[in-house]
Amino acid sequence: MEVLAPAGNLPSLKAAVDHGADAVYFGFRNATNARNFEGLNFSESEAAAGIAYAHSKGVRANVVLNTYPQGQDPSIWYQTVDMAARLKADAIILANIALLDYCHQRYPQLPIHLSVQASASNAEAINFYQRHFHCVRVILPRVLTVQEIRQLRAQTTVELEVFAFGGLCVMAEGRCFLSSYTTGVSPNIEGVCSPAREVRFENHGDRLQTRLGGVLIAEYAQGEEAAYPTICKGRFRANEQVYHVMEEPGSLNVLEMLDEVIEAGVSSLKIEGRQRTKSYVATVTQVLREAVDAYYADPRSFRPKTKWLRTLNATSEGTTHTLGTYQENWQ
Ligand code: SF4
């Protein structure tokens, strides 16, 4: 079982490696990266330094290239595949069919992981990508129960990677247009579904309102913790009630079901959050490392420790956590 940690920059990558990650993932500072935040991500030389550091400690380094090329000038996407190959990344994470084909034809030695942005959540889709592009791993969308993951394991030989901790994105990954309606820009092009320039925190009397592109996302009473406004986690009025209609703004945390997820045949536990701080990366990586090691030391008596849950809750969005769709029964 691999613990796979995010790296938004070189210090975070080193923190992940030093706190027990088996592998790290990062993207470049350009439009090919769905976490294209200002001040984050890697230049080619930083990536070379990061890969060298990871390799010196026996840790794998995966490059993320998970947006869809734009028609006007797709050259940067192809150049970034070339760069990942040149840097000898351990794997490249791709979503787009043209890039998958390009990489498979040109760099057959570079292992391809199918990005969650490709939304492959059934065996037919996953096996298609394996057959045509030799994808060795699929990153599963956060829309499957553990039972469904177990079924998938029996229907494909492709490695399965799942999200273990971090922010939730509940829609069909890579095809969410919710924020496009409020901001007028696509998460694919902007690299983020709630761009900071569209976000407002406004006081109205004793209430705090959060807005995205002018649209009211949530209203908070005094003293209530306000979440960063994301459309799917807004509080909206429906059926005469105001509530989180689509999703709570808590973080996914798989710890309580870690044994079930491992036994479902998953190969990699991914921590979300390339946009988060170095201390977040260090803390979450260390907790998952300890939890995975504790499971393998004695699988039958595995229980999540209170201190792990407390530590992770302190880093969570809204300081709460959820098992997300791993245990949903509405599917
Ligand atoms: S709005 Fe929500 S569901 Fe859509 S991309 Fe953003 S986080 Fe994901």
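Predicted model: local features only at pLDDT ≥ 70, side-chain atom pairs only at ≥ 80, totals over all residues.
A cavity is a set of grid points where a 1.4 Å probe fits but cannot get out.

Display the place where the two colours meet. Here 11 residues of domain 1 are in contact with 9 residues of domain 2. Between them the two domains bury about 790 Å², and 43% of this area lies on carbon and sulfur atoms. On the side of domain 1 that touches domain 2, there are 5 polar, 4 nonpolar and 2 charged residues. How many salt bridges are counted between domain 1 and domain 2? The count is 0. For polar contact between the domains, the count is 1 residue pair, with both residues at pLDDT 80 or more.

Under the rule applied here, the model has 1 cavity of 30 Å³ or more. The space in the largest cavity is about 60 Å³. To find this cavity, select P141, R142, L144, T325 and Y326, which are the closest to its centre among the 13 residues that line it. Which classes of residue make up the lining of the largest cavity? The lining divides into 10 nonpolar residues, 2 polar and 1 charged.

Technical notes. Residues numbered from 1 in each chain as written. Heavy atoms only, no water. Contact = heavy atoms within 4.5 Å. Buried area = accessible area lost by both parts, 1.4 Å probe. Salt bridge = Lys/Arg side-chain N within 4 Å of Asp/Glu carboxyl O. Polar contact = N/O pair within 3.5 Å; in protein donor to acceptor, adjacent residues only side chain to side chain. Nonpolar A, V, L, I, M, F, W, Y, C, P; charged D, E, K, R; others polar. 1 Å grid on protein atoms, 1.4 Å probe; cavity = no way out; pocket = protein on both sides within 12 Å on 5 of 7 lines; lining within 4 Å. Points joined across faces, edges and corners; volume = space filled by probe spheres on them.
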